[in-house]
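Here is a walk through one protein and the two molecules it holds. Have the model open next to you while you read.

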Amino acid sequence: MERKVALITGVTGQDGSYLSEFLLAKGYEVHGIIRRSSVDYRERIAHLEGTPNFHLHYADMGDSMSLVKLVGKVQPTEIYNLAAQSHVQVSFDAPEFTADVDAVGVLRILEAVRTNHLENSCKIYQASTSELYGKVEEVPQNEMTPFHPYSPYAVAKLYGFWIIKEYREAYNMFCCSGILFNHESERRGETFVTRKITLAAARIAQGKQDCLYLGNLDSLRDWGYAKDYVECMWLILQHHTPEDFVIATGVQHTVREFATLAFHHAGIELRWEGEGINEKGIVVSVTNPTNAHLVGKVVVAVSEAFYRPTDVVNLWGDPTKAKNELGWNPQTTSFEQLVQIMVQHDMQKVAADHVASVMRTNLAEYLEKGIVK
Ligand code: NAP
Ligand code: G4F
């Protein structure tokens, strides 16, 4: 029987968790890399731990030895290199760390495969990004669009893209990049703009937060659902030849549009007033009468703290090649459905967090009063 053994770097992240579920359902033995840390970041994969074909190993993208040993031990047939310092704004504060993990890390994976003489049997997927288009030279962007990286993150990812291409040509390795446009979900990190908005809309609707501060509201993104995108990572490695693919929905929206729709799903209608740093999102109406006091209040404001030294403002992907050659449907989940899924999830999360915190407070009080011993 054909061995189907996947090694996923970045398994604890948004995409790593969905990809693990996807590959396990396809009958793969899945191995994930986690890094040693004093805090536990396994929340997204906690439900998979203990699954017979799911294995976790300690390694680090900054440590070639750990990668070489692990690749030798697991003998993967497919590697999905998803690990990265993936936050663009953070890359301005930690450019060297970002370069080490996101650029040289890719080289370390490629060399780990060669060192273990697996270059003819192990396929490699590299998590590349629409950030490569950066200060965009054409819209929409496809596989032929010139790159113009516009952050330390994008520059590091550009190295990753080219070293993958180089090893494909120099050593005939089956290694490819998926140039993925933004994809989001209820598992998205809380500092990325979409999740920051859906959590804030839920908290404001439940009286837990007064105002949401954002940066550039005019920024345009092509947002898809992460659960749909991990299928493409797999499809790219099943293609008859190693090639790079743009993965996107082909539809773009502003950050402002995302926020308007997210608040709508949280039962709050917004209107926008002012421009640039002075722009505000003001409540026009609410569905829940207990939120009547919000009408006329500013619940979204702009803060310079969230502006970037250089910002990518016009991402719009053309997924024609993925559609035609991989048979992938870029419209499986629409923008409207995505926002709804995220807000519904966060409305429940905020409510559950509230119940848990009330229970903790009550327990503390009962312990203090000796009601619970
Ligand atoms: P994410 O949620 O931020 O996950 C990043 C993962 O990388 C985490 O598991 C993290 O581990 C791991 N990691 C970071 N540094 C590491 C190191 N030194 N050694 C080992 N693991 C390390 O990212 P994502 O949204 O799932 O994205 C997955 C990949 O796709 C990333 O490479 C990202 O740059 C790329 N990408 C994402 C998008 C998007 O819209 N989501 C679009 C295009 C490309 P910890 O849990 O320990 O932090
Ligand atoms: O959600 P973001 O931080 O995502 P960004 O920068 O597009 O990067 C994400 O997508 C890339 C694919 O294109 C990935 F490669 C990367 O790993 C990551 O997953 O910001 C989106 C836009 C930006 O233009 C930003 O300036 O939203 C704007 N924005 C406005 N206010 C904000 C905020 N971004 C964040 N994070 N926080 C804000 O308050």
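Which helices and strands each supply at least two residues of the shell around ligand 1? They are α1 (14-25), β5 (123-129) and α5 (152-171), where helices (H or I, at least four residues) and strands (E, at least two) are DSSP runs numbered from the N terminus.

## Ground rules

This is a predicted model, in which local features need pLDDT of at least 70 and side-chain atom pairs count only at pLDDT 80 or more, while totals for chains, interfaces and linings use all residues. Residues are numbered from 1 along each chain as its sequence is written, chains are lettered from A and ligands numbered from 1 in the order in which they are written, and side-chain values use heavy atoms, with hydrogens and water left out.

## Around ligand 1

Ligand 1 has 24 residues around it, and the closest are Thr-12, Arg-35, Ser-86, Tyr-153 and Lys-157. Being near here takes a heavy atom within 4 Å of the molecule or strand in question. β5 gives the largest share of this shell, three residues. Sorted by class, the shell holds ten nonpolar, nine polar and five charged residues. For that sorting, Ala, Val, Leu, Ile, Met, Phe, Trp, Tyr, Cys and Pro count as nonpolar, Asp, Glu, Lys and Arg as charged, and the others, Gly among them, as polar.

Now for the polar contacts, meaning pairs of N or O atoms within 3.5 Å (within protein, one must be able to donate a hydrogen and the other to accept it, and residues adjacent in sequence count only if both atoms are side-chain atoms). Thr-12 puts a polar side-chain atom 2.5 Å from an oxygen atom of ligand 1. The side chain of Arg-35 has an N or O atom 2.8 Å from a ligand 1 oxygen, and the side chain of Arg-188 has one 3.2 Å from a ligand 1 nitrogen. On its own, ligand 1 exposes 890 Å², and the protein buries 90% of that; accessible areas come from the Shrake-Rupley method with a 1.4 Å probe, and for residues only the protein chains shown count as cover.

## Around ligand 2

There are also 24 residues around ligand 2, with Thr-129, Ser-130, Tyr-153, Ser-219 and Arg-308 coming nearest. By class, that shell splits into nine nonpolar, nine polar and six charged residues.

Side chains and backbone both reach ligand 2 oxygens. Ser-219 has a side-chain N or O atom 2.6 Å from one, Asn-182 has a side-chain N or O atom 2.8 Å from one, and Val-193 has a polar backbone atom 2.9 Å from one. The protein covers 96% of the 710 Å² of accessible area that ligand 2 has on its own.

Thr-129 sits in strand β5. Its relative accessible area is 6%, so it counts as buried (under 20%; exposed is over 50% and partly exposed in between, with a 1.4 Å probe and protein chains only). A polar atom of its side chain lies 2.8 Å from the backbone nitrogen of Glu-131. Beyond neighbours within four places in sequence, Thr-129 is in contact with Tyr-153, Lys-157, Gly-178, Ile-179 and Leu-180, contact being heavy atoms within 4.5 Å.

Thr-9 belongs to strand β1 (residues 5-9) and is buried, at 0% relative accessibility. Its side chain makes a 2.7 Å polar contact with the side chain of Asn-81, and a polar atom of that Thr-9 side chain lies 2.9 Å from the backbone nitrogen of Leu-82.

## Nonpolar cores

What counts as a core? A nonpolar core is a set of buried Ala, Val, Leu, Ile, Met, Phe, Trp, Tyr and Cys residues joined through side-chain atoms within 4.5 Å. The largest one has 64 residues, and Leu-23, Tyr-80, Tyr-125, Ile-247 and Phe-263 have the most contacts inside it. Helix α7 (residues 226-238) gives the most to this core, nine residues. Apart from it lies another core of 25 residues, among them Ala-59, Ile-79, Leu-110 and Cys-175.

Val-139 and Pro-140 are joined by a cis peptide bond, with omega about -15 degrees. Pro-140 is in the loop between β5 and α5.

Gln-75 is not a glycine, yet its phi is positive, near 50 degrees. It lies in the loop between α2 (64-74) and β4 (78-81) and is partly exposed, at 32% relative accessible area. His-117, also not a glycine, has a positive phi of about 55 degrees. His-117 lies in the loop between α4 (95-115) and β5, and is exposed, with a relative accessible area of 67%.
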